[in-house]
Amino acid sequence: MSRLWLIIAVLSLPCASYAAHITDKLLAGMYAEPSLEGSPIKLLASGTPVELQAEKNGFVKVQLVDGKEGWVEKRFLSDDTPSNVRLLDLQSKYRQQQTKLDGYEKELLELKKEKATSLKTDKIQASVTTKKMDADRLAKKKENALLRVKNKALSSEIKRLQGESQALVSSAAEEQSSLTNEQLYVWVWLLLIPIGIVVGRYWGMWISDQRQRKKHGGFRV
């Protein structure tokens, strides 16, 4: 449908205008003089554009696009563009429009490919990001689990050390108490020995005195 509209648009374009064209006759002779005598200096194909300059004896003096001049029979000239020229012109314009259309279609295809590639890249990037986030979450879970295990082990170690510390404190207190009692016993014995000696001495003296008194009738000698 789009190509049909393109053809219609091409057909509606104005054709290039010249003063005159060679008619649909296949070839028309161009002579040096306004006469059929002699050979034509050039044969003009149908549709050749010419510029009109003068008219004489049924001939028209024309000038070609390349600047050459000559006389052509008036009956071979027409103000209307020949059908074959119009057809060629339309075909040329159609090819140009078709080339543009092909270019637009190619650009559209490239844009679609770029869009598809961009969408695919976005999906891949999103997938990579999701996987990375999942990996980070898993790593954090493992790290938290490891920290919990370490904390539990440290807590047990702290409790064990606290128990050992309390046991050491109790043992030290007992040893300190034992040392204090032993020191007390030493001091007591150190005090009792001289007291015992003194008491023993006086006890011996008293017994000796009693014996003397008993021997002498109760009197001290």
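Where does Y31 lie? Y31 is placed in the loop between β2 and β3. The model is a predicted one: local features require pLDDT of at least 70, side-chain atom pairs count only at pLDDT 80 or more, and totals for chains, interfaces and linings use all residues. Residues are numbered from 1 along each chain as its sequence is written, and side-chain values use heavy atoms, with hydrogens and water left out.

The protein averages a pLDDT of 78, where pLDDT is the predictor's confidence in each residue, from 0 to 100. A score of at least 70 is reached by 79% of the residues. Over residues 1–17, pLDDT stays under 50. For this segment the model has 18 contacts beyond four places in sequence, a contact being heavy atoms within 4.5 Å. Where pLDDT is low, the predicted coordinates should not be read in detail.

The protein has 2 helices and 7 strands. These are DSSP runs numbered from the N terminus: helices are H or I with at least four residues, strands are E with at least two. Along the sequence the pattern is α-β-β-β-β-β-β-β-α. Among contacts between residues at least 6 apart in sequence, 51% join residues at least 24 apart. The protein exposes about 18,000 Å², as given by the Shrake-Rupley method with a 1.4 Å probe, with only the protein chains shown counting as cover for residues. Carbon and sulfur atoms supply 61% of that area. Of the 221 residues, 15% are buried. Buried means under 20% relative accessible area, exposed over 50%, and partly exposed in between (1.4 Å probe, protein chains only).

Y31 counts as buried, at 12% relative accessibility. Beyond four places in sequence, Y31 touches L36, E37, G38, S39, P40, I41, F59, G70 and W71. The C-alpha atoms of Y31 and G70 are separated by 5.4 Å, although the two residues are 39 apart along the chain.

The structure holds 2 aromatic pairs. Such a pair joins rings of Phe, Tyr and Trp (its six-membered ring) with centres within 6.5 Å; planes under 30 degrees apart are stacked, over 60 edge-to-face, and the rest tilted. In one of them, the ring centres of Y31 and F59 are 6.5 Å apart and the planes stand at 90 degrees, so the pair is edge-to-face. F59 belongs to strand β5 (residues 59–63) and Y31 to the loop between β2 (27–30) and β3 (42–45), so the pair ties together parts 28 residues apart in sequence. F59 is buried, as is Y31.

F59 is also a contact of E73, along with L36 and G58, when neighbours within four places are set aside. E73 lies in strand β6 (residues 69–73). It is buried, with a relative accessible area of 15%. The E73 side chain makes a polar contact with the side chain of R75 at 3.1 Å. A polar contact is a pair of N or O atoms within 3.5 Å; within protein, one must be able to donate a hydrogen and the other to accept it, and residues adjacent in sequence count only if both atoms are side-chain atoms.

The largest nonpolar core has 11 residues, including M30, V50, V62, V72 and L77. A core is a set of buried Ala, Val, Leu, Ile, Met, Phe, Trp, Tyr and Cys residues joined through side-chain atoms within 4.5 Å. β2 and β5 each supply at least two residues of this core. Neighbours within four places aside, V62 is in contact with M30, V50, E51, L52, K68, E69, G70, V72 and L77.

N57 sits in the loop between β4 (49–56) and β5. N57 is exposed, with a relative accessible area of 62%. Its phi is positive, about 55 degrees, although N57 is not a glycine.
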